[in-house]
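Hello,

Here is the structure I promised to hand over.

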Amino acid sequence: MGKSISDAFEEVMAKVGEIGVQAGEAVKSFAESESTERLARGMKKGTRTAAEGIAKGAKMAAAGIKEGSQIASEAIKTNAAKKKAGREQKRNFTLSNGVKIPAVGYGTYLSTENNGKQTILDAFEAGYRYIDTARFYQNEKEIGEAIKESGISRDEIFICSKVWPTMLGKDRLRESFDASCEDLQTDNLDMYLIHWPKVSQNDEEWITKLQDSWEAMEELYEEGRIKAIGLSNFLPHHIRPLLETARIKPMLDQLELHAGYMQEYALQYLRKERILAQAWSPLGRARVLNDERVRKLAEEYDKTGAQVLLRFLIQRGIPVIPKASSLERMKENLDVFDFSLTSDEISYLSCITETGWSGEHPDLAEWEQ
Ligand SMILES: NC(=O)c1ccc[n+]([C@@H]2O[C@H](COP(=O)([O-])OP(=O)(O)OC[C@H]3O[C@@H](n4cnc5c(N)ncnc54)[C@H](OP(=O)(O)O)[C@@H]3O)[C@@H](O)[C@H]2O)c1
């Protein structure tokens, strides 16, 4: 901690006082050794010198204090700006190519079943500007209509869609991408992901199909049709063969991640490769919400279980895309920036026994051809 201005001032004045005492001592010893006349002359001269010295000292002290207070106020301003930047940083994550993505996006799987595009309009009203969809969700049309109706400008909304594994291959991927864009009423996407690495366990051609598909992704990226390209449900052993031929590295991998299913080996690999992990089912599709350990923490922070689970992932450096049906829950899931879990709580939640897994695994999936 630096000195306060009043401490510094007190110190300067103490020094001035000390000098005064020294001057007095000098005059006293002079008086003891000199004649009265010489003493009077000496005192006159001494007083003038002392007065000049004090005036000069006071001027210097005033200038010092002014400069000091300027430095202090600059430091206060810089510190406040740093804190603000810290707060803003937590609301966005930056991909390896510099593209920023919100820490909390809106997941749309099965979200439009009951109320169609109104759910997406509600999500915008709640404050979401990131929409996660996929060709497979069959709701791109509703999302496109909602974006148009919302009146929010296209460049304020981050849209992510995904190509289904049955559409892998260079030409088919492009075809699927164009269809998504058409339904979403846009020429370009902010992010596009390969939804799953393979169609089935017996898909012997999966590596070739992936490498060809990635070439198409790279081309779309270079044409400016996609701002960020990535993967979903890719584990390290799916990414390694892709990287053998890739010219551009994937920027993100969307995985099932939540307390109770943290896939630490995959997370470690992604960090090493500078591929950002993003969490799907961050609430474990509500299966983890009622976990006693999560509820206890929620009570301590006066937050909800959902908020604790989302906050946990964000603090682990993982953006989230929860799905909720009501406006109230949508808002609740966005309201996760006013508290912080301790490192011990993060460690604890990272290590709870496996719970809430969806049962979907990229090497065991069987998607229809
Ligand atoms: N890449 C992939 O393969 C993949 C796979 C699955 C999902 N995703 C994406 O990830 C998104 C989220 O995953 P998800 O929908 O499976 O699961 P989730 O977000 O973990 O959980 C959604 C469930 O939690 C409930 N919920 C949400 N907020 C709540 C709150 N504040 N309090 C209590 N309950 C709450 C929802 O209920 P209500 O709806 O009734 O409010 C819903 O039942 C999906 O929508 C999709 O965009 C991607």
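Two points about the source. This is a predicted model, in which local features need pLDDT of at least 70 and side-chain atom pairs count only at pLDDT 80 or more, while totals for chains, interfaces and linings use all residues. Residues are numbered from 1 along each chain as its sequence is written.

Now the overall layout. The protein has twelve helices and nine strands; these are DSSP runs numbered from the N terminus, with helices (H or I) of at least four residues and strands (E) of at least two. Of its 369 residues, 33% count as buried. Buried here means that 20 or more other C-beta atoms lie within 10 Å of the residue's own, exposed means 12 or fewer, and partly exposed is in between, with C-beta atoms placed from the backbone.

Seven strands form an open sheet in the order E3-E4-E5-E6-E7-E8-E9, with parallel pairing; two strands pair if DSSP finds at least two bridges between them. E3 and strand E9 (276-280) are at the edges with a single partner strand each, so one side of each has no neighbour in the sheet. E4 and strand E5 (residues 158-163) are joined by three bridges, and Asp 132 has Cys 160 in E5 as its bridge partner.

Seven of its seven residues are buried, so E7 is largely enclosed by the rest of the structure. Five bridges pair E7 with strand E6 (residues 189-194), and Tyr 192 stands opposite Ile 229. Two bridges join E7 to strand E8 (residues 252-256), where Asp 253 faces Leu 231. A right-handed β-α-β unit is made by E6, helix H6 (residues 206-222) and E7; right-handed means that, with the strands pointing away from the viewer, the path from the first strand over the helix to the second runs clockwise. E7, helix H7 (residues 236-245) and E8 make a right-handed unit too.

The largest nonpolar core has 72 residues, and those with the most contacts inside it include Met 191, Tyr 192 and Leu 313. Such a core is a set of buried Ala, Val, Leu, Ile, Met, Phe, Trp, Tyr and Cys residues joined through C-beta atoms within 7 Å. Helix H10 (residues 305-315) gives the most to this core, seven residues. Beyond its neighbours within four places in sequence, Leu 313 is in contact (C-beta atoms, placed from the backbone, within 7 Å) with Leu 257, Ala 279, Pro 282, Ile 318 and Val 320.

Lastly, helix H3 (residues 117-126) has Thr 119, Ile 120, Asp 122, Ala 123 and Phe 124 buried. Their cover includes strand E3 (106-107), strand E4 (130-132), helix H4 (140-150) and H11.

Best wishes

Note on methods: Two residues are in contact if their C-beta atoms, placed from the backbone, lie within 7 Å.
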